[in-house]
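The following note sets out points for a colleague to consider alongside the coordinates.

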Amino acid sequence: MNFELLMQLIVNGIIVGLLYGVVGMCFVLVYKSTQIVNFAQGEFLLVGAWVCWAFLTYFQLPFFMGFILTMVFMALFGVLLQMVVLRPMIGEPIISVIMITIGLSIFFQSLMKWIFGVSPQSYPKVFESESVQILGLNIEMAYLMSTVISLAIMVAFFLFFKYSKYGLAMRATAFNQQIAQSLGISVKQVFAMSWGIAATLSATAGVVIGLVNGVSNSLSTMGVKVFPAVILGGLDSVVGAIVGGLTIGVLENVAEFFDSQYLHVGNMYDIAPFYVLLIILWFKPYGLFGTKDIERI
Amino acid sequence: MSQPAINIQPANPILTVNNIEVVYDEVIQVLRGVSLAVPEGDVVTLLGPNGAGKSTTLKAISGLLKSEDGEVTKGDITFMGERIDNKNAEDVVRSGVFQVMEGRRIIEDMTAIENLKLGAYTRNDSQINQDIEMVFNYFPRLKERTGLAGYLSGGEQQMLAIGRALMARPKMICLDEPSMGLSPLLVKEVFSIIGQINREQGITMLLVEQNANYALKAANYGYIMESGKIVLDGTQDELLNNEDVKEFYLGGGNEERKSFKNLKSYKRRKRWL
Ligand SMILES: Nc1ncnc2c1ncn2[C@@H]1O[C@H](COP(=O)(O)OP(=O)(O)OP(=O)(O)O)[C@@H](O)[C@H]1O
Ligand SMILES: [Mg+2]
């Protein structure tokens with residue numbers, strides 16, 4: 001057995017898994033505070049990655065400047081999307097709202113193709129050296145940055161929801177909207193805020209992936225990949241989303257390892273997580289961390 | 001701070017509800033012309049049997065009706081000289097009215113302190129931590145409970161709900177059935193703290209109750225409501241000595257026959273009228 005390759009793949013799995021975790025957290029955030037299953041989650045990554053790419057190439061901004069502007073843009077994007085498209089849907093049947101998010105997903109995919117074309121583009125070079133050696137493992141700078149950013153987002157997320165007034169208000173709204181209102185919390189504001197945060201953080205993941213793989217329209221499939229992660233963790237659990245994300249990330253890579261070394265089926269990378277998901281849901285229908293009475297989709 | 005003299009005709013009401021009608025889901029009329037006035041600094045109670053419309057009246061005041069598809073279709077509500085009947089719930093809180101909803105409605109997956117902090121959501125000053133201490137002074141046992149609020153006992157949850165209201169530094173608190181489901185001993189404790197808060201903090205209270213005995217003793221003035229209308233109102237003395245009130249709400253006026261009645265008091269209250 002090629003242990004070195006396996007180790008490398010597991011590390012890759014963790015790094016990617018953390019990104020899945022971040023995107024999964026955003027998905028859970030929107031689900032918990034607005035009860036909307038957002039099928040346009042992947043497009044947040046896509047739009048964010050393209051917008052950042054535009055800042056870096058068309059406007060020739062330095063990377064961190066472009067990155068921060070992208071986050072500001074995406075925060076506004078998420079808030080506006082909620083206010084213009086989803087707010088009028090409040091009170092409509094869940095299935096209608098889901099159709100709307102599927103519609104949004106298709107719309108933004110097409111829009112990005114229309115604006116930026118169909119061919120993948122790579123980001124300008126950001127780091128001097130491509131990779132660093134840590135504990136004998138070869139780790140790309142971009143991967144290292146990805147890990148640092150993912151972990152920072154998770155810590156910030158935790159602190160925000162544990163200590164900040166707005167984080168508490170969002171949790172209160174997720175618990176019960178009428179109680180939140182009775183405390184003077186504007187539920188409308190919370191909805192808009194949760195979409196803004198989800199769009200911003202997901203876009204961060206999009207930019208990070210863009211740095212490594214370049215931007216292409218396939219980025220939005222990340223939204224599809226995050227599904228097994230959040231369903232595995234339980235749709236309403238933030239911790240579950242992180243654990244689910246890590247699990248899927250590692251699984252993909254381990255499956256890839258066994259496939260390339262022994263099985264030679266091909267494509268295991270993409271499908272293995274879904275098989276594992278099926279098996280786990282068989283035993284735990286609400287996910288590993290989920291609570292019961294949750295919308296099953 | 002001191003207990004104001006009892007007014008028969010409230011001279012300077014902080015809250016006036018003027019002939020309101022409330023309709024749910026555009027067809028179900030629940031309130032049919034309810035009027036009441038709450039003088040500043042007083043405790044006023046609103047009594048009545050199940051389904052009379054007490055909670056609906058409070059929700060009309062606090063703006064929470066809208067989240068239940070309810071609407072004030074007629075009449076008006078004025079708080080400190082300002083119309084509040086068309087305001088959002090969050091704006092009513094900002095005007096100084098805070099409702100403690102029926103059934104406590106604390107946030108179960110948060111700690112007591114987090115619940116208290118959320119009570120202060122509309123505030124922007126730096127006194128919030130001092131006020132948490134103040135709440136702990138009123139309810140010392142909350143301080144020891146550091147776990148999730150969902151695991152608190154019913155009485156502790158009620159205390160937390162009242163404490164959370166205090167955190168908003170409101171001018172008026174609307175309490176919806178604070179005695180619901182509590183043991184007689186706890187009811188006594190909760191009512192005495194409500195009185196204490198009213199005196200010490202000068203917070204006006206509108207107290208909806210089924211427990212007429214305690215409510216009338218705590219209040220300066222009372223209204224009795226049935227089927228969406230006010231059928232009787234009067235000062236504490238007037239109501240306590242009214243024959244109908246004695247018969248229907250105070251259980252024959254004989255408060256000493258406690259043992260048997262207490263056992264069945266919950267059931268008896270639910271049978272009212
Ligand atoms: N959201 C709602 N939609 C439709 N009807 C409602 C709603 N809330 C209350 N009602 C109806 O309005 C009437 C008054 O209800 P309300 O809750 O105000 O009574 P209450 O006096 O508080 O009773 P209780 O003592 O049982 O709490 C009841 O007949 C009830 O069925
Ligand atoms: Mg009620």
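1. Helix 1 of chain A covers residues 3-34, which makes 32 residues. From its first C-alpha to its last it reaches 45 Å, close to the 46 Å expected at 1.5 Å a residue. These values come from a predicted model and should be read as such. Directly after helix 1 of chain A comes Gln35(A), with a positive phi near 60°.

2. How many residues of helix 1 of chain A are buried? The count is 24 of the 32, so helix 1 of chain A is largely enclosed by the rest of the structure.

3. A polar atom of the Ser33(A) side chain lies 2.8 Å from the backbone oxygen of Leu29(A). The side chain of Ser33(A) also makes a polar contact, at 3.2 Å, with the side chain of Ser194(A). Leaving aside residues up to four places away in sequence, Ser33(A) touches Met170(A), Thr173(A), Ala174(A), Gln177(A), Val190(A), Phe191(A) and Ser194(A).

4. The interface of the two chains is the next topic. There, 18 residues of chain A are in contact with 25 residues of chain B. About 2,000 Å² is buried between chain A and chain B, and carbon and sulfur atoms give 57% of that area. Of the area that chain A buries against chain B, 31% is supplied by Phe175(A), Gln178(A) and Leu183(A), more than by any other three residues.

5. The rule finds eight residue pairs in polar contact between chain A and chain B, with both residues at pLDDT 80 or more. On the side of chain A that touches chain B, the elements giving two or more residues are helix 6 (165-175) and helix 7 (177-182) of chain A. Helix 6 of chain A gives the most, with seven residues. Sorted by class, that side of chain A has eight nonpolar, seven polar and three charged residues.

6. Side chains of opposite charge can pair when their charged atoms come close. Two salt bridges are found across the interface of chain A and chain B. In a salt bridge between Arg171(A) and Glu114(B), the closest N and O atoms are 3.3 Å apart. Over all chains, a search of the whole structure finds 13 salt bridges.

7. Several salt bridges lie within chain B. Asp131(B) and Arg123(B) meet through their side chains at 2.7 Å, N to O. Asp131(B) is buried, at 5% relative accessibility, and Arg123(B) is likewise buried, at 7%. A network of salt bridges links Arg123(B), Asp125(B), Asp131(B) and Arg169(B).

8. Which parts of chain B does the salt bridge of Glu156(B) and Arg145(B) link? The side chains meet at 2.7 Å, N to O. The pair joins distant parts of the chain, eleven residues apart: Glu156(B) is in helix 6 (residues 154-167) of chain B, and Arg145(B) is in the loop between helix 5 (140-144) and helix 6 of chain B. Glu156(B) is buried, with 5% relative accessibility, whereas Arg145(B) is partly exposed, with 32%.

9. One further pair in chain B is Glu68(B) and Lys59(B), whose side chains form a salt bridge at 3.1 Å, N to O. Glu68(B) is partly exposed, with a relative accessible area of 28%, while Lys59(B) is buried, with 14%.

Key
Residues numbered from 1 in each chain as written. Chains lettered and ligands numbered in written order. Predicted model: local features only at pLDDT ≥ 70, side-chain atom pairs only at ≥ 80, totals over all residues. Heavy atoms only, no water. Contact = heavy atoms within 4.5 Å. Buried area = accessible area lost by both parts, 1.4 Å probe. Salt bridge = Lys/Arg side-chain N within 4 Å of Asp/Glu carboxyl O. Polar contact = N/O pair within 3.5 Å; in protein donor to acceptor, adjacent residues only side chain to side chain. Helix = DSSP H or I, 4+ residues; strand = E, 2+ residues; numbered from the N terminus. Nonpolar A, V, L, I, M, F, W, Y, C, P; charged D, E, K, R; others polar. Expected span 1.5 Å × (residues − 1). Buried < 20%, exposed > 50% of the residue type's maximum accessible area, 1.4 Å probe, protein only.
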